[in-house]
Structures are given as structure tokens and as C-alpha cells.
Amino acid sequence: MDYEPAMICGRCGRKAPRWISWSPANPSRRYYFCVDSHVSIPHQHGFIDWHDTPTTPFLRQLLGDLQDKVWRLEDELAGQTPEGEVVLLREELEKKNALVAEMGARCDSKHEMEMYKSLFYGMVLFVAGLVAGFFLFQ
């Protein structure tokens, strides 16, 4: 109800709220509509006046189509649950964890191969040293 100048209801004397119509005949057209409710006797004062002038048929069609698209997109977005996103992210995480495990296994086997290679060369040097020492001290 933050608008100026105020539109006052002729029945209750209060400032009427300004609303936006999304009917096919008046899409996005603003109007004043007073709803005066009492605790014991609810009653409506109803429509007071239009704020905007009527739109052209082309603009009405365009605004209606755009509003339908917005509602459709909102419905699609509402259909996408956070749980569904969590499931997709969990599956992606499992794939990446499997890839990390595979790469770790490759690294482990490479390190193991390097260790055996070093052990083999060490043994060869040890045996060569024994043989050389045997021939030197004879």
C-alpha cells in the first residue's frame, strides 16, 4: 500500500490496496480493490478503479504468453527437488572417488615396482662386490 496519491474507498474511508491483474483480458494492469474485513462480520467493498489504461490486443497476448512461460518455469523449478540434486552430486562424487582410488592404485604399483627395482640393483651390486672382493683377496 506504498503508493501515492492514495485511492480511498468510498464505503469505509480507508486507503485501498493496489493490485495487479493477470486475467487474460487485463494482464499486468493495476487496479484498486478494497477488502475491508471485520472480526465478526467479514464483507468486501470490492473493485474501485483501474490505475492503468487498457492495453492493446498485441500487448495482452504477449504478456499472457510471458506469464504462462514464467509459471511453467516455476513449476519445472518446483519439480526439481534438492534431494534429486543431492543424488546426482553423490553419484558424481562416487565416480570421482573411484577415479582417485584407481590413480592411487597405479601410484602404489609404480612405487612398489621402483622398490623392487632398487632392491634388485642393490642385490646385483652386493653380489658384484662379493665377487670383486673374492678375486681381490685371492
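Author: Let's start with accessibility: a residue is buried under 20% relative accessible area, exposed over 50%, and partly exposed in between, using a 1.4 Å probe and protein chains only. R30, for instance, comes out partly exposed, with a relative accessible area of 30%. Keep in mind that this is a predicted model, where local features need pLDDT of at least 70, side-chain atom pairs count only at pLDDT 80 or more, and totals for chains, interfaces and linings use all residues. Residues are numbered from 1 along each chain as its sequence is written, and side-chain values use heavy atoms, leaving out hydrogens and water.

Reader: What radius of gyration does the protein chain have?

Author: Here the radius is taken over C-alpha atoms, and the globule rule is 2.2 Å times the number of residues to the power 0.38. A compact globule of 138 residues would come in near 14 Å, but this chain has 41 Å. Its C-alpha atoms fill a box of roughly 130 × 45 × 25 Å along the principal axes.

Reader: In what order do the elements run from the N terminus on?

Author: Helices (H or I, at least four residues) and strands (E, at least two) are DSSP runs, numbered from the N terminus. You get two helices and three strands, in the order β-β-β-α-α. As for domains, whose bounds come from an automatic or database assignment, domain 1 covers 18-80 and domain 2 covers 84-137. The C-alpha centres of the two domains are 70 Å apart.

Reader: Which contacts join residues at least 24 apart?

Author: A contact means heavy atoms within 4.5 Å. Among contacts between residues at least 6 apart in sequence, 29% join residues at least 24 apart.

Reader: How many salt bridges does the structure hold?

Author: The rule is a side-chain nitrogen of Lys or Arg within 4 Å of a carboxyl oxygen of Asp or Glu. This structure holds three. Take D52 and R30, whose closest N and O atoms are 2.8 Å apart. D52 sits in the loop between β3 (46-50) and α1 (57-79) and R30 in strand β2 (residues 29-34), so the pair ties together parts 22 residues apart in sequence.

Reader: What separates R106 and E102 in helix α2?

Author: About one helical turn, because they are four residues apart in that helix (residues 82-136). R106 and E102 also form a salt bridge, with the closest N and O atoms 2.8 Å apart, and E102 is partly exposed at 39%.

Reader: Which residue forms a salt bridge with E4?

Author: That's K15, with 3.9 Å between the closest N and O atoms. Both residues lie in the segment before β1 (18-21), 11 residues apart. E4 is exposed at 68% relative accessibility, whereas K15 is partly exposed at 22%.

Reader: Which backbone values are worth a look?

Author: The bond from E4 to P5, however, is cis, with omega near -10°. S28 has a positive phi, near 65°, without being glycine. S28 is in the loop between β1 and β2 and is partly exposed at 27% relative accessibility.

Reader: Where does UniProt place the "transmembrane region"?

Author: The unreviewed entry puts it at residues 119-137; positions follow the numbering used here, feature names are shortened, and annotations may be inferred rather than shown by experiment. In the model, that span is 95% helix and 0% strand, with its end C-alpha atoms 27 Å apart.
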